[in-house]
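Here is a short report on one protein model. It starts with a single side chain and then widens out.

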Amino acid sequence: MTDSVPKDPIRVTLKKLISQSKANFTADDVLKDFRTVKEKRDNRKLLKTLEILAKNQPKALESLQETAKLLEKKDPFYCLINFLNCYSDVNIMQAMRRNPNPMFNKNVRDSPESVSEIKERVVQAASGGLSRTSPNNSSVTSADLLGLASLTLPSSNNIAPAAPAPTTSAAASLGAASLSPAGKTEHNPDNLWEFHNIDNFQFQQTNIAAVPINSQENLLLNDLIYCLTGMRGCYISPVMNPFEGETGGRATSLKFKISEQVHCSLRDIAQEILPLASHYTCIQSFIQKTPFTQYSQVLQALSAALNNLISDYYLLLAQLESELNAGNLTLHKMLFYVRPTLNTMEVLAGAVSLIVTNDLRGGQALTLLFNQISALTGDEESQRFMIQLTQLAAVPYMNILQLWIQKGAINDPQQEFLVEDNEVIRQKELPEHYSSDYWEKRYTVRHERIPCFLDKVSDIILRTGKYLNVIHQCGKKVTIPQTMDLQFSPTNQNHITVIENAYRFASKNLLEVLLKENDLMGHLMSVKRYLLLQQGDFISEFMDACEEELAKNVDKVLPMKLENLLGLTLRLSLAKHDSYKDDLHCELLTYDLVTQMSKIMNNEEENWLSHGRLDLNGLECFAFRYEVKWPVSLVLNHIAISKYQMLFRQLFYCKHVERQLCKIWKENSIAKTFSPQVAEHRRSAFTLRQRMMNAVQNLEYYMMIEVIEPNWHLFIQNMNKVENVDEVLSFHQDFLDSCLKNCMLTNTTVLTRSIFEMCNMCLKFCEFIQSKSALTPTDTFSEHVARFDLEFTTLLIGLLKQINVIASDNPSDRFINLVHRINFNSFYNEQMDKLSEKDALLTTHR
């Protein structure tokens, strides 16, 4: 059928401008350049062509500037029409509305940009230059079509960044599509041929009802091929935008309307094929968005995998059109050929739609793909595609993971890896007290980024990289003995085996660095000697040397003098053989033990330095400080040293009280020369001193022999079988926490104050005895002793009662042993019973 067609105003205007500018190209050359697809066009070349045409024309500069702006966001052909409209004798836009352009009025088979003409280029581009079509390029066999219907994906080793897919004529204008959940981002119709109309253009429809049904089928087949590449057809059009409405987790719900003039039997078959166009649009939109670097690497890898799949999809369409041109294609055949692809594309589009709708990325996207594999049980073909797709999408994630477990480094520009690095400075620039925070805060796991197939091993993944990172910061190079090939496969657990092997290697190497190269156990033994008073001769000599200085107010104590005395006593005692004695230093804290204890337990260490100095003497503020270098500071960090200091301060204070009680025993040995009457006044003081000595010595014995030594023995046993640094840290912390708890230095602040009040009472008693003349005892002396006796007994009984209460709540702890030692002959039972009755009476009155 041929119809008379009016003159084309576009060609008329072009020929006029070419003639006036004396250009050396034709109107067809210009039209060909401006029909170039987006990926191949050069806007500068197009503007240069228009500049030549506008030579000697009025307002040429303004027209060129306007066209340059339009080229940035509009179709080149539209820009050409807008430019020519300035110099045409008629309004080209209106003329085209009245008389559609003949080049859009041709049968698709005659179009120079038809699918047939570029089919060979598509095939060559997708298959490396080898065409899969028949030699005459006009027909294919059914076996070829069935082979193409089964889409294929590349192996993970050949995966490349996502790139624009090869296009047929119908897909020639596919650009970057919007990848956003419905309603979140404005859709730009200039980016992708998603069944929208081009401004000021329309397709001409013939009265298809007057055409025989066989011819209707051919026309409908042409329209279907165009729709399957995202182009609006003459007789098929979408009824809603693919980004409108709720998807409900399914593929984008795009419905199509087929002209009522088409026979109903043909419409029914076409409606079964058209969902493939919806699935293709959803996938293509995803592909066009993700190549940009600001998007998740996992999504980029997924896009690349889908892009290769879409290439095979284009080949299928090219072969279908070849069959159509040869007259061998019917709607029934087309439905049969695309059925396998339709099922697969539905599954893939559904997964892509879920990712877009829920704004998933990284590990979340991998989790969704992995779960889709299980959901497809029973559909082997779709499940096979989903397995391949998940493997390819996981490649960048597994590459980041491999770098982490192989070198302890993170290369995660899009922040989608499960381990997050919270550090911005080098280890040499670490601030004070950094090492304690390093292990817990430097690297952390982001649980929302963990793919479900790595959830069970996320902890050892974190520790593997941390171990290697510490080794590198120690200046030691680590070389994994075997080549690591970490690839994810949903069908096996090989990636878990690789991760576990890397963990064992890193753990073994870091333990060697700590235990052998840096002698961690030697440092721990040194800390025990000094801060837990195991080196008895050194402690005695140090207290003898520093007693006078420590008796001063803390503001008057000279730290340098203490350091000198410490160095002297270290070299005069057996501690001189200790290799790490020089790591020990003196420290005068600005708070008493109770304050330190409350801050340690409440994690308020950062406020210590701002705490106001109390009115304390040097003895109450004194503590040893043990300084170690990296990486031993991971274990002996400032929190651990602070806990050691708490134990030391209580032991050191009790040892000081014991020494003072021993002094008055030596000074009062002159009482042997007293007469019986005078000695009678002294007897009560001697008895009280002995009771005080018994309480203090038993308290020391309990803490050192019944608490610290058994826990230390258990700690050494555990250290002999450790397998990783985390176990070292855990066992060491358990040792300290157990010692603090059983030494009444945790949250029992009332108990700790009772101990110090009792010790202070003993010191006051010693001062009283030393200040009185032993030769002139009086009734006033006896009264003072009686008051000290009453106060001490009250404090001691209160302490024993508190210990009894704690022991009843914690029967597994050793608190009750201290009660039995101090009250070994039930001497205090009667007083304790009376005190309990008094407390009960007060409670009743309240």
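## A buried arginine

The side chains of R463 and Y503 make a polar contact at 3.1 Å. Here a polar contact is a pair of N or O atoms within 3.5 Å; within protein, one must be able to donate a hydrogen and the other to accept it, and residues adjacent in sequence count only if both atoms are side-chain atoms. This is a predicted model: local features need pLDDT of at least 70, side-chain atom pairs count only at pLDDT 80 or more, and totals for chains, interfaces and linings use all residues. Residues are numbered from 1 along each chain as its sequence is written, and side-chain values use heavy atoms, without hydrogens and water.

R463 sits in helix α19, residues 458-473. Its relative accessibility is 14%, so R463 counts as buried (under 20% relative accessible area; exposed is over 50%, partly exposed in between; 1.4 Å probe, protein chains only). Beyond neighbours within four places in sequence, R463 is in contact with Y503, N724 and D726 (heavy atoms within 4.5 Å).

## A helix pair

Helix α22 (residues 536-550) packs on helix α23 (residues 559-572) at about 160°, with the axes 9 Å apart. That makes α22 roughly antiparallel to α23 (angles over 145 degrees). From α22, the contact includes F538, F542 and L550. The contact residues divide into 10 nonpolar, 1 polar and 3 charged.

## The whole chain

The protein has 32 helices and 6 strands (DSSP runs: H or I of at least four residues, E of at least two). Of its 846 residues, 51% count as buried.

How values were computed
Axes are lines fitted to C-alpha atoms, for helices over the stretch in contact, and angles run from 0 to 180 degrees between N-to-C directions. Angles under 35 degrees count as roughly parallel, over 145 as roughly antiparallel, 65 to 115 as roughly perpendicular and the rest as oblique. Ala, Val, Leu, Ile, Met, Phe, Trp, Tyr, Cys and Pro count as nonpolar, Asp, Glu, Lys and Arg as charged, and the others, Gly among them, as polar.
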